Protein chains: 2
Amino acid sequence: MPKQTFFNLAENKREKLLKAFLMEFSTKSFEDASISAVVKKLGIAKGSIYQYFEDKMDLFFYLKQHCEQVKQSYAKHIKREDYEDFWQFLRALYQEGIKYDMERPLESNFLFALVNQQHSPTMRQFYIEWQQKALDMFTQMIAYEVKIGHFRQDLPPKSMAYVLVTLTTKIGDYMTVTMDVDIQKKLFSGEPILAHNSGKTLLQAVDEHIMILKRAFSKP
Amino acid sequence: MPKQTFFNLAENKREKLLKAFLMEFSTKSFEDASISAVVKKLGIAKGSIYQYFEDKMDLFFYLKQHCEQVKQSYAKHIKREDYEDFWQFLRALYQEGIKYDMERPLESNFLFALVNQQHSPTMRQFYIEWQQKALDMFTQMIAYEVKIGHFRQDLPPKSMAYVLVTLTTKIGDYMTVTMDVDIQKKLFSGEPILAHNSGKTLLQAVDEHIMILKRAFSKP
DNA sequence: AAATATGATGACTGGGCGGTCATTCTTACT
DNA sequence: AGTAAGAATGACCGCCCAGTCATCATATTT
């Protein structure tokens, strides 16, 4: 947990701080991210950071939690029962993701990078936890679709959920490969990734994924 | 390129060296991998390494090339025309992968880890190159399946190839998630990953993937 | 105006790293 | 046995890092 001092800070100072560190952690691995480099760029003393946070991990963890929480608040009002099938629901979830990305690109990019960070045991642990949560959620949803007879019954919901989550996670790569979006550049410049071209690129990618998965999952 | 000195080394010494570094690079990122730590474990002087290689990258690159080359030699005699459909062919490719994994677990694990290394621009570059090669190969193959009327025609082969390659790349994760294989542990202990349970686990994963992709890709 | 509390500072510590190189040791050939 | 070439060594360099802390600056309360 950050120290009280951090929360006493003037809001614009706090935001500048967070932005700078979001950038650093979006473009480097946790180990390579350098507090020294960031404070230099910000023009403040390194000691200050340690008035706000216990250590590097405390800072990182705060960023992670904060971003996840905000993102969650975007997604949580999207409900399956408001859509006539799973795929429209899924599409709507993505659309919220785009909104989050447009409004808070740095945070969105940070989370995006986090999911692709896997080396160093600590980061891998974060990834595994995140994946597990996503898997549980989608496994449950898919089991429901199976139950109501929309999805095939000859495969474990968990396996289907895995395929879905994996492709979802890697959708940035998909955009890079099939649609020439330079994600690495966007991470470094702080531009929105998912919202590239007002989100149209992502939605096209999503629609192609749905075209594939629909056939793969639905009842024959 | 390694220096001549390296190739003059007694074979068992060279192999011990390679094994130790394969281990290090399988369990750490390139940046975090420590030459100092490995030489300490090997009980040799750090200077020696620099008699063999130009620098850290030279060493890494040699390992990468060497492993890729050997692995290629396993796969290259598997030909599409010897199988009656794409999926049997794909399965056979995996079976060669298992063989390689059983015979050279450290090398196999190194390549496995390499593909999951993405932060640090250099490693990302390697990954992108690798992915590009795999994509090109499968795009071509899929285009062929489309042409002979086995696969659907309403999706770009490149998109289908992407889905295939992504799931293929992440099959280790699939095993972890749906079959309780602790891959991280295996990396650290140097046990074969893909050949876990004589490869049966992997083949089951492959078969489940095929069950999904067959429907997704084939003509309606 | 004085006293107190809070925030800001940056020199410093200890540690790890990749990489160097003058020196010593080993081997093999004359 | 003597010599020359190749291999092995490890102290050392320069660099960068996370984290510390005594000191100073500023704001708030009395």
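A salt bridge here is a side-chain nitrogen of Lys or Arg within 4 Å of a carboxyl oxygen of Asp or Glu. By this rule, B:Arg104 and B:Glu107 pair through their side chains, with N and O 3.3 Å apart. The structure is a predicted model.

**Salt bridges**

The count over all chains is 18 salt bridges. One of them joins B:Glu145 and B:Arg80, at 2.6 Å from N to O. B:Glu145 sits in helix H8 (residues 121-147) of chain B, while B:Arg80 is in the loop between helix H5 (56-75) and helix H6 (86-103) of that chain, so this pair ties together parts 65 residues apart in sequence. Both B:Glu145 and B:Arg80 are buried.

A further pair links B:Asp207 to B:Arg91, with the closest N and O atoms 2.7 Å apart. B:Asp207 belongs to helix H12 (residues 200-217) of chain B and B:Arg91 to helix H6 of chain B, so the bridge ties together parts 116 residues apart in sequence. B:Asp207 counts as partly exposed because its relative accessibility is 29%, and the cut-off for buried is under 20%. B:Arg91 is also partly exposed, at 27%.

B:Glu107, at 10% relative accessibility, is buried.

| Salt bridge | N to O distance |
|---|---|
| B:Glu145 and B:Arg80 | 2.6 Å |
| B:Asp207 and B:Arg91 | 2.7 Å |
| B:Arg104 and B:Glu107 | 3.3 Å |
| B:Arg124 and A:Asp173 | 3.9 Å |

**Between the chains**

How many salt bridges lie between chain A and chain B? The count is two.

The contact itself involves 39 residues of chain A and 39 residues of chain B. The size of an interface is often given as the accessible area lost when the parts come together. For chain A and chain B, the buried area is about 3,800 Å². Carbon and sulfur atoms give 59% of that area.

**Chain A as a whole**

Chain A has 12 helices and zero strands. Its C-alpha atoms fill a box of roughly 65 × 35 × 30 Å along the principal axes. Of its 220 residues, 51% count as buried. Among the contacts in chain A with a separation of 6 or more, 70% come from residues 24 or more positions apart.

The accessible surface of chain A is about 10,600 Å². Carbon and sulfur atoms hold 53% of this surface.

**A buried charge without a partner**

A:Asp58 lies in helix H5 (residues 56-75) of chain A. This residue is buried yet has no salt bridge. Why is there no salt bridge at A:Asp58? The nearest side chain of opposite charge, A:Lys3, is 7.4 Å away, and a salt bridge needs the atoms within 4 Å. What does A:Asp58 touch, leaving out residues up to four places away in sequence? The answer is A:Met1, A:Pro2 and A:Phe53.

Definitions and conventions:
Residues numbered from 1 in each chain as written. Chains lettered and ligands numbered in written order. Predicted model: local features only at pLDDT ≥ 70, side-chain atom pairs only at ≥ 80, totals over all residues. Heavy atoms only, no water. Helix = DSSP H or I, 4+ residues; strand = E, 2+ residues; numbered from the N terminus. Buried < 20%, exposed > 50% of the residue type's maximum accessible area, 1.4 Å probe, protein only. Contact = heavy atoms within 4.5 Å. Areas by Shrake-Rupley, 256 points an atom, 1.4 Å probe, with all protein chains shown as cover. Buried area = accessible area lost by both parts, 1.4 Å probe. Lys, Arg positive; Asp, Glu negative; His and termini not counted.
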